[in-house]
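Here is a short briefing to read alongside the model. Keep the viewer open and follow the residues as they come up.

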Amino acid sequence: MSNNTSPYISREDSIAIKATALLLVIWGHNHYLTPLNTPFLWWLYQFHVVVFFILPIFYDSQKKQFKTYLKNLSARCLVPYTFFYATCLLVSLITRKIHYSGFIELMKGYFHIGGVTADNAVGFQFVWFLMAFYVFSIIRYIGSENKYVNIVFLLVGSIISLIGADDRAILNLNFPLYFSQALYFYTLGCFAFWLNKHIKYCSCICLVIFGISSYLFFIGGVHYTDVFVTLTGFFFVWQSSKFF
């Protein structure tokens, strides 16, 4: 974050927010503390990762040419993504967890095409967020350069956010490169930024909404309340980080 500035979140607050979100991610992936297929697990999954996508929206990155930006972004996201993909494939082949199904199928898994996920292709739960963040960052760059394209992004992202969690999961599965997921996170980040910038006592209001939407989530399951849990969950993590 040293190359970024923000009038809304200090560097120290940013570090605390990411640390708090990381603790929640670890908590959510420790299935002794959060057993699989429990309401608490699904509730936690609504917002603990999205914090890392919303937070960059609050920062004004130093402008770079797209070619330079893409090169740096690829080094930070695609290189580790490719390394993990190749490593998981090698381990799967050695342990016979999967059978080699051909180059095309592996490429479908790598690029998340045609409903084939990296998990399907290499037989391991995968670091999907690296590819999603890569696409998210490109969307963010293009949106900041062209306001009309950005309006289109936000309109489509808003529609995605309102179709409900089950339909959105199907959409995410069938869109390549996690584009639908990245666009959804980008839209939520822009909304969070707008709310924080223009609404007085935004964090307090969002915490109340977070509590109400979380209650509805627990009694009603994953339907249309999840988008409110996800959006206001960012402010919940932000305020919770102050205790650390």
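This is a predicted model: local features need pLDDT of at least 70, side-chain atom pairs count only at pLDDT 80 or more; totals for chains, interfaces and linings use all residues.

N146 is partly exposed, with a relative accessible area of 31%, and its C-alpha atom is separated by 37 Å from that of F103, 43 residues apart along the chain.

**Helices α7 and α8**

- Helix α7 covers residues 128-145 and helix α8 covers residues 147-162; their axes come within 5 Å and cross at roughly 130 degrees.
- That angle makes α7 oblique to α8, because the oblique class takes in what is left between roughly perpendicular, which ends at 115 degrees, and roughly antiparallel, which begins over 145.
- On the α7 side, the residues that meet α8 are I139, I142, G143 and E145.
- Their partners on the α8 side are K147, V149, N150 and F153.
- F129 also has its place in helix α7, and at 36% relative accessibility F129 counts as partly exposed.
- Between F129 and V49 there are 80 residues of separation in sequence, yet their C-alpha atoms are 8.4 Å apart in space.

**The salt bridge**

- The salt bridge count comes to one.
- The pair is R168 with D226, and the closest N and O atoms are 2.2 Å apart.
- R168 lies in helix α9 (residues 165-174) and D226 in helix α12 (residues 226-241), so the pair ties together parts that are 58 residues apart in sequence.
- Are the two partners buried or exposed? Both R168 and D226 are buried.
- For D226 the relative accessible area is 2%, which is why D226 counts as buried, the cut-off being under 20%.
- Leaving aside residues up to four places away in sequence, D226 touches Q46, A165, R168, Y184 and F217.

**A nonpolar surface patch**

- Which residues make the nonpolar surface patch of about 600 Å²? They are W194, I199, Y201, I205, I209 and F228.
- I205, one of these residues, is found in helix α11, which spans residues 202-220.
- I205 is partly exposed, with a relative accessible area of 41%, so I205 passes the accessibility cut-off for patches, which is over 30%.
- Y201, another patch member, lies in the loop between α10 and α11.
- At 57% relative accessibility, Y201 counts as exposed, because the cut-off for that class is over 50%.

**Positive phi angles**

- Y201 comes up again here: its phi is near 55 degrees, a positive value in a residue other than glycine.
- L177 is not a glycine either, and has a positive phi of about 60 degrees.
- L177 lies in the loop between α9 and α10, the latter covering 179-198.
- With 33% relative accessibility, L177 counts as partly exposed.

**Pairs that involve G123**

- V91 is found in helix α4, which runs over residues 66-95, and is partly exposed with a relative accessible area of 35%.
- V91 and G123 are 32 residues apart in sequence, while in space they are 9.1 Å apart, C-alpha to C-alpha.
- R96 lies in the loop between α4 and α5 (103-111).
- R96 counts as exposed, at 67% relative accessibility.
- How many residues apart along the chain are R96 and G123? They are 27 residues apart, and their C-alpha atoms are separated by 9.7 Å.

Conventions: Residues are numbered from 1 along each chain as its sequence is written. Side-chain values use heavy atoms; hydrogens and water are left out. Patches are made of residues with over 30% relative accessible area and no salt bridge: like charges are joined within 9 Å, nonpolar side chains (Val, Leu, Ile, Met, Phe, Trp, Tyr) within 5 Å. Accessible areas come from the Shrake-Rupley method with a 1.4 Å probe; for residues, only the protein chains shown count as cover. A salt bridge is a side-chain nitrogen of Lys or Arg within 4 Å of a carboxyl oxygen of Asp or Glu. Helices (H or I, at least four residues) and strands (E, at least two) are DSSP runs, numbered from the N terminus. Buried means under 20% relative accessible area, exposed over 50%, partly exposed in between (1.4 Å probe, protein chains only). Axes are lines fitted to C-alpha atoms, for helices over the stretch in contact, and angles run from 0 to 180 degrees between N-to-C directions. Angles under 35 degrees count as roughly parallel, over 145 as roughly antiparallel, 65 to 115 as roughly perpendicular and the rest as oblique. Contact means heavy atoms within 4.5 Å.
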